[in-house]
Amino acid sequence: EKVKGLQPEDIAAFADELHTVVCEQLGLSDPEQLQFYTAIGSIIDYGLGADGFMELYFDNGETIRVTLDGTFNLYKVNEGKSGGKPEADVIFAWPEETAEENSIQWNQLIQEAASMIADEFRRRAEDLVAKRPKSKSR
């Protein structure tokens, strides 16, 4: 909750576009239902290895959180390891070139990362539904 209160006013273009594409892939009609939070430099970053997280809010009050980590460490992306630390739910590699130098590569990253994030939200939503008590019918 502390990290949520420390969000910068100016959200990075990458985060803004990622949020938009994840909303599209999840078929959300209200983009406020999905929130993006940066955690860079926080205990979440150092303790969990996550640069940020997204939360999906449901009308019934339930929330699903997916943690994200962008890295230049290809071993971490391919093997999911960072010295035995806990890992983010979705790990993706930052392009070596800036968005201005290679916008095609950055757009591809946004599409791929959004797809992984949307898949993780879907998986967690299925798990959430599966854990609900079954209603008894007479």
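**Exercises on a pocket, a sheet and aromatic rings**

The second largest pocket has a volume of about 260 Å³, the volume being the space filled by probe spheres set on grid points joined across faces, edges and corners. This is a predicted model, in which local features need pLDDT of at least 70 and side-chain atom pairs count only at pLDDT 80 or more, while totals for chains, interfaces and linings use all residues. Residues are numbered from 1 along each chain as its sequence is written, and side-chain values use heavy atoms, without hydrogens and water.

**Exercise 1.** State which element gives the largest share of the lining of the second largest pocket.

*Solution.* A pocket is an open set of points on a 1 Å grid over the protein atoms alone where a 1.4 Å probe fits, with protein on both sides within 12 Å along at least five of seven lines; lining residues have an atom within 4 Å of a point. Sixteen residues line this one, and Ala93, Trp94, Pro95, Gln105 and Leu109 lie nearest its centre. Helix H3 (74–79), S4 and H4 each give two or more residues. The largest share, six residues, comes from H4.

**Exercise 2.** Identify the residues in the aromatic cluster.

*Solution.* Rings of Phe, Tyr and Trp (its six-membered ring) pair if their centres lie within 6.5 Å; planes under 30 degrees apart are stacked, over 60 edge-to-face, the rest tilted. The whole structure holds six aromatic pairs. Ring pairs link Phe14, Phe92, Trp94 and Trp106 into a cluster.

Methods:
Helices (H or I, at least four residues) and strands (E, at least two) are DSSP runs, numbered from the N terminus.
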